[in-house]
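Hi,

Here is the structure we talked about. My notes follow it.

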Amino acid sequence: MKEADNWLELVVTNEGEELAQDVLERACDFFFTTKARGTGLGLVKRVVEEHGGSVQLSAESGRVLVTLKLPILT
């Protein structure tokens, strides 16, 4: 977690299975999941964006990174 220029950035990593590019592209769609029981990241993305932030997913070296960026309100 870091704070810079009135933004809070939280990066969460998962060292599980690598995700295919098509899964990364759909991961923030509502109710998209690769699990038998799951709801995906769509609601998280919607709430973050409604507060002026952003959600980004990327894969690097066998890790999945989810980056949440939110404005710090003063």
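The protein chain has an accessible surface of about 5700 Å², and carbon and sulfur atoms hold 49% of that (Shrake-Rupley method, 1.4 Å probe). This is a predicted model: local features need pLDDT of at least 70, side-chain atom pairs count only at pLDDT 80 or more, and totals for chains, interfaces and linings use all residues. Residues are numbered from 1 along each chain as its sequence is written, and side-chain values use heavy atoms, with hydrogens and water left out.

Fold: the protein chain has two helices and four strands (DSSP runs: H or I of at least four residues, E of at least two). The order from the N terminus is β-β-α-α-β-β. The C-alpha trace spans about 40 × 25 × 20 Å along its principal axes.

The largest nonpolar core has five residues: Cys28, Val48, Val55, Val66 and Leu68 (buried Ala, Val, Leu, Ile, Met, Phe, Trp, Tyr and Cys joined through side-chain atoms within 4.5 Å). Leaving out residues up to four places away in sequence, Val48 touches Gly53, Ser54, Val55, Leu68, Lys69 and Leu70 (contact: heavy atoms within 4.5 Å). For contacts between residues at least 6 apart in sequence, 49% join residues at least 24 apart.

Best regards

Note on methods:
Buried means under 20% relative accessible area, exposed over 50%, partly exposed in between (1.4 Å probe, protein chains only).
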